[in-house]
Amino acid sequence: MKTRVYEYAKKHNMSSKEIVTLLKRININVSNHMSIMDEETVQKLEQHLANLRANASSGNTQAKQVQQPKQDKPQTITSSEARATSQSEKSPKQDGQKPQIANAAGNTSAQATSRGTQNQNQGKNQERRANTMSQNKKQDTKQNEVKGQTTNIEAERKEETLADKAKIPAKVGMEKREKIKKAPQAKKTFEDNRKGPQFNKNQKRSNGRQGGAPVQRPVLELPSKITFTESLTANELGKKLRREPAEIIKKLFALGIMATINQDLDRDTIELICADYGVEVEEKIVIDETNFETIAEVDAEEDLSERPPVVTIMGHVDHGKTTLLDAIRSTNVVAGEAGGITQHIGAYQVEIKGKKITFLDTPGHAAFTTMRARGAQVTDITILVVAADDGVKPQTIEAISHAKAANVPIIVAVNKIDKPAADLDRVKQELMQFELVSEEWGGDTIFCPLSAKQRTGIEELLEYILLVSEVQELKANPDKRARGTVVEAELDKGRGPVATVLVQHGTLRVGDPIVVGSAYGRIRAMVNDKGRRMKEAPPSMPVEITGLNDVPQAGDQFMVFEDEKKARSIGESRAVKQRDSERRASARVSLDDLFTQIQEGDIKELNLIIKADVQGSVEALRGSLEKIEVNGTRVKVIHTGAGAITESDVTLANASNAIIIGFNVRPEPNARSMAEQEQIDIRLHRVIYTVIEEIESALKGMLDPVYKEEIIGQAEARQIFKVSKVGTIAGCYVTEGKLSRDAGARLIRDGVVIYEGKLDTLKRFKDDVKEVATNYECGVTLERFTDIKEGDIIEAFIMVEVKA
Ligand SMILES: Nc1nc2c(ncn2[C@@H]2O[C@H](COP(=O)(O)OP(=O)(O)OP(=O)(O)O)[C@@H](O)[C@H]2O)c(=O)[nH]1
């Protein structure tokens, strides 16, 4: 029957490497643990094992008693003398204890010595001492049989391994071969020890032992698990395993690795040795706590407990967000915390049916996106407020896009149901096209009709929230250091920096050293939304904290550290980093470097926001763009709309790392400056085909924008003159930058591009001029375009070469 090396190894409680080594010794070439061994190979291997076993046990009757026929088969062979030793260890009645004890004695003393200082010489001394002892053991012929046997095996192994080493068998990888070649020092030490134990420092102790009764020192138990970071030297590994370094070196030796005591062992080697001892090993990755936002802590399922959901209310202007938030809050004051003075701290908790719900007290999606833009996903559920008498409006759609981009479930609160014009079905109907289909109509979105003003339907809404949160199974580990997000922060004249934070993991306590964004401090006091002083805040609880050195920003994340010194040093280095890299768009996508980001695995989906002049173009663009898929990277349209590119589009792009496509539309001035600041890539086009081509080539890494458009100025048409021969002259006022005679020109009306071409004439009074600067008036005509109206914007642009 065929079997793989690792299967065989597992079956016989050996490591794959050991099997590979043994196979190579009997001239069977296997490459790795996945290699297949046929029946013949297995037989040969077992024969070889049997031979080795026979050799190991020849002339030793006592050892035979110790060996357990089946289990020991691989053990005796594979794990060199350490296992033989540990077997004798298991049998306290045997005289064979002695060498162990002696060993342990050496070990303890070696440990004690090295505890004082860890320099190299010290290490060497330890090694020498250890080897000397084993040499002494060998020389002492009067010692008991087991001891003799142990050392026999030891000697045999040494010889065998040394012979192997001389040949440098193929089992040893190139790296290991190098190590072997480079390690004359280790060999010398070994031979030195063989030659002259008497001249060694340990002479006294050896004599003492030979002459007197053996010193009884306990054999240190192996730890069940060890941890390490990056690497360990043989010496350090020995200490962790509570074994002599020499013993470790011997083991390495048997495995074909020649290492000195202070040589760094790689992860595989450490694992191999530990596996040999049956000790679990874990590599600890050093975490840079300065960037604590990036640290993902995984909690064991049993440490997690239920936490309240965090809810954000979004919706169109005047649809009743604030009224609803107030209504919810007052419901609770009556229910529980009567007498408490409600404080506005940016978030509050209410309780229904014994369960808490946390509301972020900032209506609208500004708060939602700022937080998301800063990498904080705080919200678990979104309440979309839609006025029953007004229906779906632009900001309703924006809110839906925001919630969807963040993957947060939506509950629709159909407000103002008390109004005569209220029409619940219309709202349901309108929301269908955004994939929000009510349960009665076969969908899975909860629609909750209510009147925030008359306070009806509020409890039902709260119950729905609990229902959705139950499905989400929101959990957190309350028993660890706290982490969370800033909801609001300000500088209070009396109290200094004050921040409302939402605890997301762990429990926050007064006195905790904390880093918040790039501020730090120790929590002086905590106040909840009812104005009560709190000693601790569990997950999902918003509290206002004081004691920071600076005012953080909403959306900043916080983390508690073990001591104030650490918090201070991390806070300070974050402040420096923040200053350095402020607004650096390292994580921003731009079509120009999209391909690199795809290749680096940063991007699997390209988020797009499409704004176009008419809904028809939006749909056409969306349809074509969503079909694009290049090398597994897809286009995902996260928001669309007709009309100019607004600030809200830019915030959404910022939060979702998206690119904005403007089709026949322009960004509003505020949106443009914000996009520049946040380094959001806005691509403006007039032909659908070029949009598709651009996105496709960006995904393929073929985008090669040699020229890029740069807007150099804007003027507003204030007066229109019709002159029969010339056409339409626009009396303009340059509001931004300059107009230049050679520049390209666009005419924009209500954010929509009406014309694109060139300036035909540019005059100041009667003279032709080359350019007109900001705050000057001028007369403009456009090439082959006469339909200029008052209030139109003329935008001048040039094409500039993009430096690679
Ligand atoms: N009839 C009626 N009017 C309501 C209801 N809820 C809110 N309103 C009124 O609608 C108006 C706007 O309510 P707000 O709560 O300020 O709306 P908002 O969405 O917070 O508005 P912005 O903060 O401007 O975005 C106010 O005059 C409210 O009194 C309701 O259930 N019924």
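Visitor: Which residues account for 72% of the contacts in the chain with a separation of 6 or more?

Guide: A contact means heavy atoms within 4.5 Å, and in this predicted model residues 24 or more positions apart account for 72% of the contacts with a separation of 6 or more. Residues are numbered from 1 along each chain as its sequence is written, and side-chain values use heavy atoms, with hydrogens and water left out. Because the model is predicted, local features need pLDDT of at least 70 and side-chain atom pairs count only at pLDDT 80 or more, while totals for chains, interfaces and linings use all residues.

Visitor: How many helices and strands are there in the chain?

Guide: Helices (H or I, at least four residues) and strands (E, at least two) are DSSP runs, numbered from the N terminus. The chain has 26 helices and 36 strands.

Visitor: What is the order of the strands in the open sheet of 6 strands?

Guide: Two strands pair if DSSP finds at least two bridges between them. Here the order is β9-β10-β8-β11-β12-β13, and the pairing is mixed. Because β9 (347-352) and β13 (446-449) stand at the edges with a single partner strand each, one side of each is left without a neighbour in the sheet. Inside the sheet, β8 (residues 310-315) and β10 (residues 355-360) pair in the parallel sense over 3 bridges, and Thr312 has Leu360 in β10 as its bridge partner.

Visitor: Which helix lies across β8, β9 and β10?

Guide: For such angles, axes are lines fitted to C-alpha atoms, for helices over the stretch in contact, and angles run from 0 to 180 degrees between N-to-C directions. Helix α20 (residues 458-472) lies across these strands and also across β11 (381-387), β12 (410-415) and β13, running at about 100 degrees to β10.

Visitor: Is Lys353 buried or exposed?

Guide: Buried means under 20% relative accessible area, exposed over 50%, and partly exposed in between (1.4 Å probe, protein chains only). Lys353 is exposed, since its relative accessible area is 65%, whereas Glu463 counts as partly exposed at 32%. Across the chain, buried residues make up 51% of the 804 residues.

Visitor: Which residues are linked in a network of salt bridges?

Guide: The network links Arg666, Arg672, Glu709, Arg746, Glu756 and Glu795.

Notes:
Salt bridge = Lys/Arg side-chain N within 4 Å of Asp/Glu carboxyl O.
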